[in-house]
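Have the sequence and coordinates open as you read.

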2 protein chains.
Amino acid sequence: MKQSILTNIQPETEKIDQFMRRDLEVIDDPLLAEVISYAIFNGGKRIRPLLTVLAARLCGGEALDDLYRLALTFEYLHAASLLHDDVIDHAEQRRGRRAANKVWTNTHVILAGDFLHSRAMWLAGTLGGERCLDKVCQAASAMVEAEFLQLRNVQNMEISEEHYFQVLKGKTAALIAAACETGAILAGSTPKMQDALALFGANLGLSFQIIDDLLDYHGDPARTGKAVGNDFQEGKMTLPLIYAMRQSSGTRQALSVFLQDEPAGRRGSFAKARDLIEAAGGFSYARQRAAGLIDEAMHGLNIFPAGPGRDLLGALAGYVLERDK
Amino acid sequence: MKQSILTNIQPETEKIDQFMRRDLEVIDDPLLAEVISYAIFNGGKRIRPLLTVLAARLCGGEALDDLYRLALTFEYLHAASLLHDDVIDHAEQRRGRRAANKVWTNTHVILAGDFLHSRAMWLAGTLGGERCLDKVCQAASAMVEAEFLQLRNVQNMEISEEHYFQVLKGKTAALIAAACETGAILAGSTPKMQDALALFGANLGLSFQIIDDLLDYHGDPARTGKAVGNDFQEGKMTLPLIYAMRQSSGTRQALSVFLQDEPAGRRGSFAKARDLIEAAGGFSYARQRAAGLIDEAMHGLNIFPAGPGRDLLGALAGYVLERDK
């Protein structure tokens with residue numbers, strides 16, 4: 001992240017971490033506490049709770065303890081879903097360390113995820129009230145629905161851009177939208193403000209994921225910490241590929257041949273596939289879509305007066321587009 | 001279950017199922033709906049939601065739609081924990097059918113459990129309000145804490161009766177207590193009534209589990225549908241065994257030798273171990289504890305006027321003690 005944004009948000013992320021450490025003292029069992037600490041304190045940037053805090057501030061909300069505690073909801077739900085994902089994917093690594101399911105067992109990790117899930121709901125319902133709980137539960141349900149939509153379409157080369165965005169909305173955008181909207185609700189803002197912040201969060205989440213998909217083709221492994229080509233090797237239909245497939249029958253046919261291959265074969269044809277997608281304009285199209293979503297998100301914030309609160313959200317949005325890791 | 005109880009509760013369980021089918025229509029994805037239907041509509045007796053309904057009625061609450069919908073919380077959380085348990089235990093079977101993780105994959109089952117978990121929290125918070133959500137989240141957290149307590153003590157022959165009850169309270173009793181207490185809260189009853197019903201539920205849950213542990217030694221496989229001796233083979237320290245181990249150093253030593261054996265060896269020594277536990281009074285002690293807990297539960301209900309509502313809860317409690325499957 002850029003130094004200037006970092007300087008502005010660092011006190012907030014530190015405060016979020018302090019509240020989180022205090023909140024997790026509710027755990028009795030020392031082993032459960034250890035697993036959850038390992039999963040939570042791993043260098044994450046706390047983007048979701050930060051957005052709750054910044055959204056509430058933009059709506060004139062005060063930086064009360066309840067705001068920070070409510071914000072933890074979104075870090076917990078995010079961490080719970082990563083824990084369950086690691087079990088599902090038999091993950092070896094997470095953020096450069098051994099994945100929790102390798103340090104302990106699937107049993108520990110599934111249960112720790114369940115604990116964080118119910119703690120998140122408790123915070124949302126008791127600090128944010130019924131409306132916040134409703135938003136949070138809807139986001140949690142949307143995450144599962146989107147995973148199923150994706151499961152039903154694994155290895156389906158025919159999926160549309162619409163399908164791609166529908167999965168992204170559920171898997172990534174819904175929770176980030178809820179993080180922003182909940183901050184606005186807690187601050188007692190108008191429905192118009194709540195909608196603007198929900199849209200900001202949703203679009204930020206969508207762009208974040210599109211850039212993630214681009215980095216999987218063009219990222220610098222020294223910066224991202226992971227090799228390029230994983231998505232293509234898995235046959236994952238991301239936006240640049242979906243776009244390229246419908247540009248010409250020649251490109252479509254060539255990419256289809258690669259995609260129908262075994263994973264090892266796809267690894268070998270990755271560079272050629274990337275060239276085809278590049279030539280078809282798939283990467284620039286995806287980058288344009290991401291930029292368009294961020295523009296729309298920022299435009300929506302114009303209902304708020306200009307000032308440091310809006311600038312900080314703008315800087316975060318800019319970071320999402322420019323990030324190279 | 002006895003015919004007389006069955007006749008009285010059947011209309012209620014059918015009503016619960018109707019509400020459940022309608023509630024689950026909220027699911028968009030057809031595959032997610034299929035997995036959840038498979039897990040939920042499997043011949044379960046709906047004891048937990050039934051207790052919510054009966055508790056509310058005993059407190060003078062009306063049989064409104066919201067009561068039945070709130071009651072679903074407890075079936076969903078129970079089903080979610082069974083789904084995650086099946087993944088954890090690599091279960092082959094559940095209630096005489098293939099376990100969901102064998103019909104589909106761990107991915108489907110973990111996610112379906114997460115969906116039910118968040119739907120349960122949504123129902124508790126939006127229909128029961130903050131206090132009900134608090135009780136439900138506390139029960140869900142207690143389930144995880146108890147699993148960890150048990151995980152840390154696997155293969156520990158030295159565990160005490162206190163430890164045994166602590167695990168049972170978290171794993172089984174907390175949710176059943178919350179099911180009863182939530183019904184009382186929704187009915188707007190007094191704190192004294194809520195406490196009496198929470199105690200009733202907790203003790204019912206504890207007795208249920210003690211009887212389960214007894215059936216694992218003495219059940220008739222033709223009735224229970226499962227072979228005896230599983231717990232002993234796994235080295236699981238249940239109440240009859242814990243009690244027998246502290247009766248004499250001779251019994252303790254003999255049982256310890258069996259327990260230190262491999263699972264296959266323990267299977268071979270099961271009949272001898274059962275005789276030792278019997279001679280030490282372990283089974284009659286466990287039965288007495290179960291009966292004592294039910295007595296205490298029923299005694300607590302004396303604050304309510306005698307009548308069909310109290311009788312039905314009494315009949316359910318009697319069934320828990322007398323059940324042979």
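## A kinked helix and its surroundings

H7(A) has a kink of about 50°, centred on Ala173(A); the bend at a residue is the angle between axes fitted to the seven residues ending there and the seven starting there. This is a predicted model, where local features need pLDDT of at least 70, side-chain atom pairs count only at pLDDT 80 or more, and totals for chains, interfaces and linings use all residues. Residues are numbered from 1 along each chain as its sequence is written, while chains are lettered from A and ligands numbered from 1 in the order in which they are written. Helices (H or I, at least four residues) and strands (E, at least two) are DSSP runs, numbered from the N terminus.

H7(A) covers residues 161-186 and reaches 35 Å from its first C-alpha to its last, close to the 38 Å expected at 1.5 Å a residue. That expected span is 1.5 Å times one less than the number of residues. Because 20 of its 26 residues are buried, H7(A) is largely enclosed by the rest of the structure. Here, buried means 20 or more other C-beta atoms within 10 Å of a residue's own, exposed means 12 or fewer, and partly exposed is in between, with C-beta atoms placed from the backbone. Just after H7(A), Gly188(A) has a positive phi of about 70°.

Over in chain B, H3(B) (residues 47-58) reaches 16 Å, close to the 16 Å expected. Eleven of its twelve residues are buried, including Arg48(B) and Thr52(B). Gly60(B) follows H3(B) with a positive phi, near 90°.

## Helix pairs in chain B

Axes are lines fitted to C-alpha atoms, for helices over the stretch in contact, with angles from 0 to 180 degrees between N-to-C directions. Angles under 35 degrees count as roughly parallel, over 145 as roughly antiparallel, 65 to 115 as roughly perpendicular and the rest as oblique.

| Pair | Axes come within | Crossing angle |
|---|---|---|
| H4(B) and H7(B) | 10 Å | roughly 170° |
| H8(B) and H15(B) | 8 Å | roughly 25° |

So H8(B) is roughly parallel to H15(B), and H4(B) and H7(B) are roughly antiparallel to each other. Residues are in contact if their C-beta atoms, placed from the backbone, lie within 7 Å. For H4(B) with H7(B), the contact residues include Phe74(B) and His78(B) on H4(B), and Thr182(B) on H7(B). In the other pair, Phe200(B) and Ser207(B) are among the H8(B) residues that meet H15(B), whose side includes Val320(B).

## Where the chains meet

The contact takes 34 residues from chain B and 34 residues from chain A. On the chain B side, H6(B) gives the largest share, 26 residues. By class, that side has 16 nonpolar, nine polar and nine charged residues. Ala, Val, Leu, Ile, Met, Phe, Trp, Tyr, Cys and Pro count as nonpolar, Asp, Glu, Lys and Arg as charged, and the others, Gly among them, as polar.

## Two arginines with positive phi

Where does Arg46(A) sit? It's in the loop between H2 and H3 of chain A, with phi near 60°, and Arg46(A) is buried, with 22 other C-beta atoms within 10 Å. Arg95(B) has a positive phi of about 50° and lies in the loop between strands E1 and E2 of chain B. With 10 C-beta neighbours inside 10 Å, Arg95(B) counts as exposed.

Technical notes: Contact = placed C-beta atoms within 7 Å.
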